[in-house]
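Biologist: Please take a close look at the strand pairing, and walk me through it.

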Amino acid sequence: MPALLELQRSLREQLFGDPTRADARGGEALLAGDDGALRLAIYRNTAFATLVNALRLSFPAVQRLVGADFFEGAAHEFVRRNPPSSAYLNDYGADFAGFLAGYPPAAALAYLGDVARLEWAVNRALHASDVPRLDLARLAALGDSALSHVSFRAHPALSLLRLEFPADAIWRAVLEQNDAAMAAIDLSSGPVHLLIERNPAGVQVRCLSAAAWEFTARLSAGRPLSAVLADGSEGEVDAWLSEHLALGRFIDFSCTTLVATTVAAGETHS
Amino acid sequence: MTGSTHSVNEHSPIPAAAGIGLRFPHHELVAQGRPQVAWFEVHAENYFGGGAARQVLTSVRRDYPLSLHGVGLSLGSAEELDGQHLRRIAELVRSLEPGLVSEHLSWSVVGGRYLADLLPLPMTEEALAVVCRHVDQTQAALQRHILIENPSTYLQFRHSTIPEWEFMSAVAQRTGCGILCDVNNIFVSASNHGWDGERYLNALPAAAVGEIHLAGHALRTLDNGRTIRIDDHGSNVSAEVWALYVQALRRFGAKPTLIEWDTDIPAFEVLLDEAAQAATLMRAVAGNHACAA
């Protein structure tokens, strides 16, 4: 009689293991009756259908680009190699774009990985936790000279993607089934710099200038404002920062060089 | 039962009436139309994030009693529970104050991987100890009792020694948790394994039963010609399951009863009709036998 953990490991192997490997079949001896393998297949079918469907919901444009059958095959292979690490399935699929980019049958669609990366960012924006935006009064209390020393924490719905292909245009044309827009896309138009976020109207995908994107990406990665400015950001830095703050793209800040000031002001932020 | 009499801060118990499992396709209809439904139940995992879905749920909770049904905690895992998963459920319970919280007698996680189905446990003393430990841990984290649902299963293990109905009763007795009696699951499992569904019902401790689930199931023929019942929640409640529900009402009295529908989700009116059918039976049977337990 196997211990419970041993039985559960064996079932995982039978459900998700490489079907061509002999040891993937060993655990059937645990099952009652003479048709354990057929009964186990019911669970395998449900698990794969659930996970493939989770990917389908998160990557609708990818599915339209490759067709339902191709998508099913690719998703099935991805699921077998990468079962989710949690039961929160909105979190499942972070590695699907990387998988597609290296999936030989999809090699002819060079932009597929970029579209998948965009869809994953959209999915994250859709499901990110609700977090109160930064209280600007706290920031104002710092004063202008202190402001340059702060590092911001980005809203969990915010993503910044630099993609080689115009994935935003492809994504929109595919989901709107707009063949004319699709035909007008120039795949060699160069990289796009995207900001993906959620606002009260829903998920937004914005195309930024390279300079604005660099500035925003560094700030949202937690780099201090003074350092980002020292990186040589060119352009309307003040306007960009004002917009980020006004639209709630940052939820918190820290100011390590000004601990004394913030403690004196009664702040307890981290 | 419905309307604007419930405030969000009021703890709304789930009434002994027919409720409906709320799924995404009906979010807008329920959020805007506020249909006459006694209570709703949702899958906890669908609301771990924020945004529009969570907003709808918060507004639904303002106007209806709400039950929170987990499908991914994996109480039967031999390894430790996923602490982050438990914390996410605890956060939902804190913010929604649901009338009931439930999970399953099953497992889904091993080696840090979620296998995406409610998998069957061997009915052994070891598995019983594991489930009881995890129910204790969950109840401590949530600071309230939960209900455990009997699973639908398609296979059994050779080394099982405890009938499932005794296993369920033992978990309730040892941990103080309640039982979510899924009548469709009893019918499906009894049919798949040659059990007697009524015997299963009669073996459950009536005082522990806090909720009943009803759903449709499908028939599938295996390659060996044997017919298996699949718990796909994709059709009307079958006549046999309604009949077993009547037995459950005779034994347990009127209980909160949920209509679940998860695949090929129909128009909301279809769910209202199923709920009305459950309500009619509850009045006819349990109205006169409410003290039978």
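Modeller: Start with two strands of chain B that run parallel: S2 (residues 40-43) and S3 (residues 66-69), joined by 4 bridges. B:Glu41 has B:Ser67 as its bridge partner in S3(B). Strands here are DSSP runs of E, at least two residues long, and helices are runs of H or I of at least four, both numbered from the N terminus. Two strands count as paired if DSSP finds at least two bridges between them.

This is a predicted model, where local features need pLDDT of at least 70, side-chain atom pairs count only at pLDDT 80 or more, and totals for chains, interfaces and linings use all residues. Residues are numbered from 1 along each chain as its sequence is written, while chains are lettered from A and ligands numbered from 1 in the order in which they are written.

Both strands belong to a closed barrel of 8 strands in chain B, ordered S1-S2-S3-S4-S7-S8-S9-S12, with parallel pairing. Neighbours in this sheet are turned by 30° against each other on average, direction ignored. Angles run from 0 to 180 degrees between N-to-C directions, with axes fitted to C-alpha atoms, for helices over the stretch in contact.

Now chain A. Its strands S2-S3-S4 form an open sheet with antiparallel pairing. Twist averages 25° from one strand to the next. S3 (residues 192-199) of chain A pairs with S4(A) over 7 bridges, antiparallel. A:Arg198 stands opposite A:Val203 in S4(A).
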